[in-house]
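Subject: Structure handover

Hello,

Here is the structure you were waiting for. My notes follow below it.

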Amino acid sequence: MNLRHPPSAVVDGALVLVALFDVWVHVHADEPLQLACALGGAFALLLRHGKPLLTFLVTLPAVFFSDAIFASLAALYTLASVSRRRVILAVGVVAFTLCDLAPDINVSAEDLVTLSYTAATAAAAVFLGQLVQARRDLSQRIVEISEAREHERLLIAQTILAAERSQLAREMHDVVSHQVGLIAVRAGALQVGTPDPHAKEGASTIRRLSVQILDELRYMVSVLRAAGDRPTDLTPQPSLADLERLVDGSGIEARLTADLPGDLAPSVQRALYRTVQEGLTNVRKHAPGAATTIRLWQSDETVHVTVTNGPPTRSTIPLPSAHYGLTGLRQRAALLGGTLTCGPISDGGYQLRLDLPVKTTTPAPGGAGP
């Protein structure tokens, strides 16, 4: 058991006991109306998590008819710890103050002092609740920031690996394909120009092997670029079938709509998945609490995905960012012959969009060139 955070049932029980003790101290048994209101307010604290506003309203009669005010203060604190509506909290402070002083208030200096103390007591409960809410939000943001940083580190590592693969592919193409191509050309010329049948057969064999080497080289280049239809990574790569699990585990209020065929190329499916993943990460990072809509569809020979979020509902913390995620997505989209766009929209939200051709421009082994 975590001693720093005891179970909510234990806390609720303790608050009810303290409220009952407050009733026992301030309410006499021969006053049935006051006793009923005070007991009702004390036991209403059991509902404070599910119905905080209703709980506070139920405790107000006890404040009006008696001096048992602990239950109402506890309910007001709970309401302040979960509500972001400052107007409701201000009205709650005023309501508590008026209920506490209404039975015997007179316009005098002493009553004004009492009024200020009562209002300060209610405001203290609200401030404490708001402080707890801010602490909870900050803890959540720290977790989200850690996840975003880990995701950025992973993207940086993938970007570096892709760059190394691309560099190696270019070197192999520049060093090997040119020389082998010359061998094939010379062998073809020898095959045509020599009258010796043995030389013709040898030249034909050399030319055939050279062409075969070029085809295998093109395949190796496409593998190193990691953009073909074949799985080239050491671990299983995500596909469209994993999208629902990604959205459900994102911790974001997101709605997924997908209308795509199931036979898309694995490279296209990975690009769509990574775009949704990066979009959800950016929503957590830059628009906490925003409702998000994810839509995937196909029109003609192009597949589309949009990740659209509304304005944030919680305060954001400015964070440094190198934008490696979007940079990697743009490079992936360009490699597959598509485009990636992003930017703010009219309602104060943000949209990330990827458009990819169904048939990518990635060369297949044995094609016209790497």
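A word on terms before the findings: contact means heavy atoms within 4.5 Å. This is a predicted model, in which local features need pLDDT of at least 70 and side-chain atom pairs count only at pLDDT 80 or more, while totals for chains, interfaces and linings use all residues. Residues are numbered from 1 along each chain as its sequence is written, and side-chain values use heavy atoms, with hydrogens and water left out.

Overall picture

The protein chain holds ten helices and five strands. Helices (H or I, at least four residues) and strands (E, at least two) are DSSP runs, numbered from the N terminus. Of the 370 residues in the protein chain, 38% are buried. Buried means under 20% relative accessible area, exposed means over 50%, and partly exposed is in between (1.4 Å probe, protein chains only). Take the contacts between residues at least 6 apart in sequence: 69% of them join residues at least 24 apart.

Threonine 59

Start with helix H3 (residues 52-65), where threonine 59 sits. Is threonine 59 buried or exposed? Its relative accessibility is 1%, so threonine 59 counts as buried. Set aside the neighbours within four places in sequence, and threonine 59 is in contact with Gly41, Ala71, Ser72 and Ala75.

The H4 and H5 pair

Ser72 also belongs to the next item, as one of the H4 residues that meet H5. Two packed helices are described by the angle between their axes and the distance between the axes. For helix H4 (residues 70-82) and helix H5 (residues 86-101), the angle is about 170° and the axes are 10 Å apart. That makes H4 roughly antiparallel to H5. On the cut-offs, angles under 35 degrees count as roughly parallel, over 145 as roughly antiparallel, 65 to 115 as roughly perpendicular and the rest as oblique. Axes are lines fitted to C-alpha atoms, for helices over the stretch in contact, and angles run from 0 to 180 degrees between N-to-C directions.

Which residues meet there? From H4 come Ser72, Leu73, Leu76, Leu79 and Ala80; from H5 come Ile88, Leu89, Gly92, Val93 and Phe96. By class, this contact has eight nonpolar, two polar and no charged residues. (Ala, Val, Leu, Ile, Met, Phe, Trp, Tyr, Cys and Pro count as nonpolar, Asp, Glu, Lys and Arg as charged, and the others, Gly among them, as polar.) Leu89, Gly92, Val93 and Phe96 are among the buried residues of H5. H5 has 16 residues and reaches 23 Å from its first C-alpha to its last, close to the 22 Å expected at 1.5 Å a residue. The expected span is 1.5 Å times one less than the number of residues.

The sheet

Five strands form an open sheet with mixed pairing, in the order S1-S2-S3-S5-S4. Two strands pair if DSSP finds at least two bridges between them. Strand S1 (254-259) and strand S4 (339-344) stand at the edges with a single partner strand each, so one side of each has no neighbour in the sheet. The twist averages 10° from one strand to the next.

S4 pairs with strand S5 (residues 350-357) in the antiparallel sense, over six bridges.

Helix H9 (residues 266-286) lies across strand S2 (292-299), strand S3 (302-309), S4 and S5, at about 10° to S3. H9 is mostly covered, with 18 of its 21 residues buried.

Two loops

Aspartate 300 lies in the loop between S2 and S3. Its phi is near 55°, a positive value in a residue other than glycine. Aspartate 300 counts as exposed, at 72% relative accessibility.

Proline 312 is in the loop between S3 and helix H10 (324-335). With a relative accessible area of 38%, proline 312 is partly exposed. Beyond its neighbours within four places in sequence, proline 312 is in contact with His286, Ala287, Pro288 and Ala290.

Best wishes
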